[in-house]
Amino acid sequence: MPDDLAPLTEEVAAWAAAGLRLPLWLRDDDATAPSPELDRLIAAAEGWRMPLHLAVIPAGAGMALADRIATAPGVRVLVHGWAHADHEGPQAKKSEFGQARPPEVALADARRGHERLRTLFGARVLPVFVPPWNRIAPAVAQGLPGLGYAALSATPGAAPEVPGLLRIDAELDPVDWHGARSALPVTMLALRAARALAARRHAGVAQPLCILTHHLVHDAALWARIGQLVRSLRPVATPFDLAGVFATETMS
Ligand SMILES: [Zn+2]
């Protein structure tokens, strides 16, 4: 039987042989309320002894989610735009913070998104902006530090570099968004993960690697795939906690 995970297993072995450690972190998008799926994800992260970075949609979030997270000390909250609403129109790719609106209007949403989450979740909120659909116009991204945001998390290459704004992207997305919205084939994901690790090993940088999840769309195959990825990376992984990055910083 062919080993679907072979490229990743070999790359992990190379890391282990070289004594390298990979900071590994979890970002999950689109939470607004408690659900059995969210419970399952929180339990999984606790089982892996990893913090869980939840990108919460501010406009839809309420006290029920705040109450749930109050009992889950490993959860950190990131700001997932404002309402996850597309403003670009039917011809363009979906974006809440794209070119369609004046930057100051979009930035007002980015500001109230943070404010609302701070009201609900207090110090659990980190100054990290996660634009819905991982898209953000350069003029909007440039305004984020002025609102007190310290980091932007999108997908690699999908957002502009901005001075004063740490980029902490989500690289490994196991969902087949263009197909059945189930898990991508394990061979494809193993190859992507292996390439992400090899690039770091060759460049000599231990940039954190993120597994991106969307608990509300997970079927059995996706749950299994995410577990498979975490277990494969585990021998060389160190759980990465964004709260540690911002421990000495406060939002304006
Ligand atoms: Zn989203």
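**Close-up views of a predicted model**

**View 1. His-84 sits in a loop.** His-84 lies in the loop between strand S3 (75-79) and helix H4 (103-121). Helices (H or I, at least four residues) and strands (E, at least two) are DSSP runs, numbered from the N terminus. Although His-84 is not a glycine, its phi is positive, about 55°. Why is His-84 called partly exposed? Because it has 19 other C-beta atoms within 10 Å; a residue is buried with 20 or more such neighbours, exposed with 12 or fewer, and partly exposed in between, with C-beta atoms placed from the backbone.

This is a predicted model, where local features need pLDDT of at least 70 and side-chain atom pairs count only at pLDDT 80 or more, while totals for chains, interfaces and linings use all residues. Residues are numbered from 1 along each chain as its sequence is written.

**View 2. Arg-181 has a positive phi.** Here phi is about 60°, although Arg-181 is not a glycine. Look for Arg-181 in the loop between strand S6 (166-167) and H6. With 13 other C-beta atoms within 10 Å, Arg-181 is partly exposed.

**View 3. Helix H6 packs with helix H7.** H6 (residues 186-203) and H7 (residues 220-233) pack at an angle of about 35°, their axes 11 Å apart. Axes are lines fitted to C-alpha atoms, for helices over the stretch in contact, and angles run from 0 to 180 degrees between N-to-C directions.

**View 4. Residues of H6 meet residues of H7.** Val-186, Leu-189 and Ala-193 in H6 meet Arg-225, Gln-228, Leu-229 and Leu-233 in H7; contact requires C-beta atoms, placed from the backbone, within 7 Å.

Terms used. Contact = placed C-beta atoms within 7 Å.
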